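Biologist: I would like to learn how to read a fold such as this one step by step, beginning with the strands and then moving on to the loops and the pocket. Could you take me through it, giving the general idea before the case at hand?

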Amino acid sequence: MLGRHTAAGRRVALTALGTLALAGVAPTAAAKPPPAPASTAAHTLGADRPPAAVVRAMERDLKLKPGQGAKRLVNEAEAGARAGRLRNALGDHFAGAWVRGATSAELTVATTRAADVSAIQAQGAKAAVVKRPLTELQAVKKKLDAAADRTKTRDTPVWYVDVPANKVVVQATKRSAADAFIKAAAVQGEGVGVVVSEVRPRLFDDVVGGDAYYIESSARCSIGFSVTKDQQQGFASAGHCGERGDTTAGFNMADQGEFQSSTFPLKDMSWVAVNSNWTATPDVKGEGGQRTQVTGSVQALVGASICRSGSTTGWHCGTIQQHDTSVTYSQGTVEGVTQTTVCAEPGDSGGPYLSGSQAQGVTSGGSGNCTSGGTTFYQPINPILSDFGLILKTTPAQSGTPAPPENAADTWTAGRVYEAGATVTIAGVRYQCLQSHQAQGAWSPSGTPALWQRM
């Protein structure tokens, strides 16, 4: 993680990070996908009309040719929907999905059963037949997570599910440390890979996403995304930025708000309620200070493009490397973050990551800098919304309310966070979720085949 602690022992000066990534892809030469529905994934997610500043930053940081940035966003949006349909169809044999290429024009879906190849190709994707299903890889990682609670992980600071490689990977400063951690988790012989690296992630030290805010007059972070809870406005950020009850000031040093909830370590999430002088907006500060607007929180695929905004280094882009990563900072271990190739520096913590116009998460920490390059980790936004009962501020405005009681879990409700594979009923019809997201009023299952599949 990247940040600075106060005498309280946990408050850290952090900064916001930036914006851009979507799941989707164009058909390969191996097979043509079925005709696209009238409401395409790209249109539903706003990927077919991205802000010019977003595209320019993508093409700069990903070294794309003119026009490739816009094409990439559309491909990633469509690929996410196709991968979701295949995930539901393959069931326990599903082993993950990812995109590749300058314009993300290649979607690969992995399965443990050779008989699934033709079905995958029929959706315009490449098929990879592998040994382990995604559920098995996730179970191995959970054993490592559990071992981290009873074992020192200073020399094994990162571990994650590597979907394209079909294995769980432990990053360690030396091989002996990795071997000891793997043994402690009792996952020897389960295909766990090891990457030896001296890099140790740290916290990024030091209402529009990416703007600075100050905690108790002693630390700085970056605003992530605007949110609401009932009638209260506020914003989501990183948990290591402050504790419940800490007060904040805005970029202009005017009184701003107070931390309502904060979780760190294990997770790295918080939300701040702002006073009546501040108005929550669906905006994120982009390239050159121009604003880009958030339209949802659909999770992007591995390999997809992503950009971040931060109050120290501004707007930078890269790609998603792995979801479901665990990382150990000197202050503790955080589970379930996403690793990216985007750079960041102290003061960028808490800031927003976007895929196209879809919110992805808030900066947790990383290594390196924006001069020589680096790696960053973000806390996904959907768990923040779900854990704290928040509604993401979007445009057009979210018309839903937080999730209803558990006994109404089978009924589709705007404002609820749905994970891929979840099922709901609306107007007597059953649907299965294709991509993890917070449901919005305009995203009813019957009208969004990019997000829901009729059963």
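Biologist: In which sense do strand E9 and E10 pair, and over how many bridges?

Modeller: Before answering, please keep in mind that this is a predicted model. Two strands are taken as paired if at least two bridges are found between them. Here strand E9, residues 212-215, and E10 are paired in the antiparallel sense, and four bridges connect them.

Biologist: Is Gly389 buried or partly exposed?

Modeller: The term buried is kept for residues under 20% relative accessible area. Gly389 has 23% relative accessibility, and therefore counts as partly exposed.

Biologist: Turning to the loops, where do Asn166 and Ala186 lie, and what is the phi of each?

Modeller: Both call for a look at the backbone and then at the surroundings. Asn166, in the loop between strand E5 (158-162) and strand E6 (167-172), has a positive phi near 55° although this residue is not a glycine. Ala186, in the loop between helix H6 (175-184) and strand E7 (193-196), also has a positive phi near 55°. As for accessibility, Asn166 is buried, with a relative accessible area of 9%, whereas Ala186 is partly exposed at 48%.

Biologist: Which residues are joined by a cis peptide bond?

Modeller: The bond is the one between Phe264 and Pro265, where omega is about -5°, and Pro265 belongs to the loop between E14 and E15.

Biologist: How many bridges join strand E26 to E27, and what happens in their hairpin?

Modeller: Strand E26, residues 423-426, runs antiparallel to E27 and is joined to it by four bridges, with Gln432 in E27 as the bridge partner of Thr423. The hairpin has two residues between its strands, and Ala427 takes a positive phi near 55° there. E27 also runs antiparallel to strand E29, residues 452-454, through three bridges, and Tyr431 stands opposite Arg454 in E29. Strand E27, residues 429-433, is mostly covered, since four of its five residues are buried.

Biologist: How much space lies in the largest pocket, and which residues are closest to its centre?

Modeller: The largest pocket holds about 1,300 Å³ of space, and of the 50 residues lining it, Arg87, Gln138, Gln299, Glu419 and Ser436 are the closest to its centre. The elements that give two or more residues to this lining include helix H3 (68-90), helix H5 (134-148) and H7, and H5 makes the largest contribution, with seven residues. By class, the lining has 21 nonpolar, 19 polar and ten charged residues.

Terms used
Residues are numbered from 1 along each chain as its sequence is written. This is a predicted model: local features need pLDDT of at least 70, side-chain atom pairs count only at pLDDT 80 or more; totals for chains, interfaces and linings use all residues. Side-chain values use heavy atoms; hydrogens and water are left out. Buried means under 20% relative accessible area, exposed over 50%, partly exposed in between (1.4 Å probe, protein chains only). On a 1 Å grid over the protein atoms alone, a cavity is a set of points where a 1.4 Å probe fits but cannot get out, and a pocket is an open set with protein on both sides within 12 Å along at least five of seven lines; lining residues have an atom within 4 Å of a point. Grid points are joined across faces, edges and corners, and a volume is the space filled by probe spheres set on the points. Ala, Val, Leu, Ile, Met, Phe, Trp, Tyr, Cys and Pro count as nonpolar, Asp, Glu, Lys and Arg as charged, and the others, Gly among them, as polar.
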